[in-house]
Amino acid sequence: MSAITIDGVARSFGGVRAVDAVSLAVRDGEFFTLLGPSGCGKTTLLRMVAGFCELDTGRILFGAERIDTLPPHRRNTGMVFQNYAVFPNLTVGDNVAYGLRARRVKADDMRERVARALKLVQLEGYGERWPHQLSGGQLQRVAIARAVVIEPAVLLLDEPLSNLDAKLRVEMRGEIRALQKHLGITVLYVTHDQEEALAISDRIAVMRAGRVEQVADPRTIYAWPQTPFVASFVGTTNLIIGTIKSRDGEMLEVACAGGVLHVHSATGNVGEKVTLSLRPEALRLLAAGEEAPAGWARLTGTLGAVEYLGPVTRFAVTLMDGTALQMLALAPPAAAGTVTVAYDPRNIAIVSAP
Amino acid sequence: MRAFIARQGFPLTVGIVAVLFLGLFFLRPLVNVLGASLLDASGKHLTLANYVSVLTSPFFLGGLVNSLSIAAASALCAVLVGVPFAYCLARLPIGGKPVLLALAALPLVLPSFVSAYALVLLFGRSGVVTHMLQSLGIPFKSLYGAQGIIAVYTLTLYPYVALPAIAAFRSIDRSVEEAAQNLGAAPGRVLRTVTLPLILPSILAGALLVFIEALENFGVPFVLAEDRPILSVEAYKLFVGETTDNPASAGVLGVLLIVCTTIALLAQRMALARRGFSTGTRRSAPALTASAAQRRGGAIYCWTLVGTALIPFAAVVVISFLQFRGPVLHGGFSLDNFTELFRHSYRPLANTLMLSTLAACGATLIGVPIGYLVVRRRSRLSGLLDIVATSPFAVAGTVLGIGLVVTYSSGAFAITGTALIMVLAYIVRKLPFSVRSASAILHQIDPSLEEASINLGVPPAATFLRITVPLMLGGIVGGLVLTFVTVASELSATIVLYSGPWMTMTVAMFQALEGTGAGVAAAAATVLIVCTVIPVALVYRVLRRHELSML
């Protein structure tokens, strides 16, 4: 178990910068997720840590030890592959014992550790089975057992849940998180699924086009995205461009969408152009005659298309200048035509980098 | 530098060995053939006179036209019989499909000139069927010449078209055809506008293989062409009969053959370059619901084609057990032909078995690492290796043989007339199969399996032995056996390279053909068939998974 330091790492394929001067510090025992769309470099970065992709520049350290110069088989990482990569020519038990054999662990010790690892992933007694007799979820568990049984310095997971069906995915991610907490192991986890990243991680690095856009804990990433990309990739949001008109203490007036939005922020200068992120659930449709909560501001618009989604209803409100705001509410809107929307200025994030 | 060698040591070693081997025993002989064609009789002065004399000679020009038109007609016929066969097998519910598939692949491993010889025995001037027909008073023109050659090529080479076409028909996403039907296209129109265009690349690739095989084949035209000139045969005759030291005219014919196959290869590339499509996720087509009549028709067609292709081989086996007096069939079963065949010695059989084994092992040892590099370590070197290692299949065995003799008949490495030069020629000729079969299996093995092993602490070389080789084993054995079998029935390079003590079964049969020993030739053919069918049958289960990837 150790911290991971990724220091100024870069790699180009042809003319494309797959990973572009990335620096990250993953703490010891942390569940750290690389989140981004396909092609953003997250898998390349993970494979650099594992040693399957060479660095053009930069260093990678586990604790104080530099490992990017070591061949992959001497880095002591446990990797779980997207397609499990369970050896089809070995039994489940031999798959799990594979890394222990390479480390010349004594037979008794090995048997005991294999049994313990299989129990950990709820596959007790599956040691004699063959991979082709297992389901996708069970193969996934074998892959995880095989990776953790060697007590690796860090556990690397490359989109481990993407081949499972939706229900099993939710179940397995809970198990992976519980396992990580139980073992206290450092995890580097790659996914393109923002919900998965939010649910499972201590901290998330959102990546785009080879660069890290923001590193933060899930709540911060969702509530206070620093860039328009992070705001729109993690969850849905309304991005509105405007200009800061005035400042009164920490309360800004931003001219946008044909009117004025009130935003609570310590930063931002008058005259500056900014992008605002308004999460759908931060907006509330007011019923006729209803008062906005204390400290909230109001907007006027026209109710547009309504989508009933079961637990929630999604609808759009078109503002004066034609900007459409996506909103969410538990109950379908009762009003129609011209409506009033209330929002809390403290829930609006300024996302454009200063 | 040390880190570089540590990381690239394996690919570098394989690359250097492969480049050295192919450079010495493939490229150098070919360059020498080209050189010979450009030198005058003294072997000292550059000249184009050889080309002028060959290309202005009606005889050789006729040979060029014969070779090309026969090869093109054979490719066309193979497509015409092979594609419907593939369609029936892939889409109609026909009984005994596994057996049909196995039998359909069989002609590829059987020596094709045996089939040609069977045609002579049955339909030749003194053929069994010819005699029967004549005694019944039915006039029958024998099957010598172009039509006979094309018939033999079509029947022995159609699997090159049919087997990939079956795979292609099966791999078309059913929903693409359903979409066409849904838009109002009748089944015939769907076939013409969607299905066939989608499998065209496979058909063209198969047709090209037939074309090249037909162009370079030596045994079939030797048996059936009589006095019509065919390039591969004339090159051999010229080479044997050439009086001067410099095999100039044979060299010209060799270069012409290589130019023809190269043009065909390039034409196919260009035809396919603009058709780079694949049909995404595959939901393979279910068997069509066909009427009973259609099903019966399809089944009859498939079984008839497979049967017709194999009947000549069966006929030869039967004939080999009949009594002959000279070239005339006498009736009555006996083992006389085999006694006569092995009267002098069993040496040819022993030679065939030994040389085939050596060549198969050699081709596997060199080909598998090349295949591994080509698939797993993409680089400029591996790209080059892929091209060089698979190009021998476009070079006629006769031409390669001539080149090897010209190159290694004197000097410090004079190996002409030894078993070594034969084995080297076989390895070069069969290397494309080994490389292709190895890379085909590797494509089916997920690279993350090897990465997982390395990640768990097993070094790359040990990972190769503990994970990659066991997973590849079936394919390696399959490739090994197919190489063995095709070397055993190799004639075109052998005929140029063999010397007295190293006569093989194919040469023994060839000599019996030239003489009057029809029965002996049939016996030799039967021995050859046994040599190929038994190993193939033994590893059939392994081959079944890989027979398609070999192509």
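A residue is buried if 20 or more other C-beta atoms lie within 10 Å of its own, exposed if 12 or fewer, and partly exposed in between, with C-beta atoms placed from the backbone. By that rule, 10 of the 12 residues of α5(B) are buried, so this helix is largely enclosed by the rest of the structure. This is a predicted model: local features need pLDDT of at least 70, side-chain atom pairs count only at pLDDT 80 or more, and totals for chains, interfaces and linings use all residues. Residues are numbered from 1 along each chain as its sequence is written, while chains are lettered from A and ligands numbered from 1 in the order in which they are written.

**Helix α5 of chain B**
- Helices (H or I, at least four residues) and strands (E, at least two) are DSSP runs, numbered from the N terminus.
- Helix α5(B) covers residues 112-123; at 1.5 Å a residue its 12 residues should span 16 Å, and its end C-alpha atoms are 16 Å apart, which agrees.
- The expected span is 1.5 Å times one less than the number of residues.
- Its buried residues include Phe113(B), Tyr117(B) and Leu119(B).
- Among the elements covering them are α7 (146-171), α13 (292-320) and α23 (518-538) of chain B. Contact requires C-beta atoms, placed from the backbone, within 7 Å.

**Packing of α5(B) on α23(B)**
- The two axes come within 11 Å and cross at roughly 145°.
- Axes are lines fitted to C-alpha atoms, for helices over the stretch in contact; angles run from 0 to 180 degrees between N-to-C directions.
- Val114(B), Tyr117(B) and Leu121(B) of α5(B) meet residues of α23(B) including Ala518(B), Leu528(B) and Ile529(B).
- Ala, Val, Leu, Ile, Met, Phe, Trp, Tyr, Cys and Pro count as nonpolar, Asp, Glu, Lys and Arg as charged, and the others, Gly among them, as polar.

**Sheet of chain A**
- Four strands form an open sheet in the order β2-β1-β4-β5 (chain A), with antiparallel pairing. Strands pair if DSSP finds at least two bridges between them.
- The edge strands, β2 (16-26) and β5 (65-66) of chain A, each pair on one side only.
- Helix α1 (residues 42-50) of chain A packs on the sheet, touching β1, β2 and β4 (57-62) of chain A, and its direction makes about 65° with that of β2(A).

**Interface of chains A and B**
- In contact are 17 residues of chain A and 15 residues of chain B.
- On the chain A side, α2(A) gives the largest share, three residues.
- That side divides into 10 nonpolar, five polar and two charged residues.

Terms used. Two residues are in contact if their C-beta atoms, placed from the backbone, lie within 7 Å.
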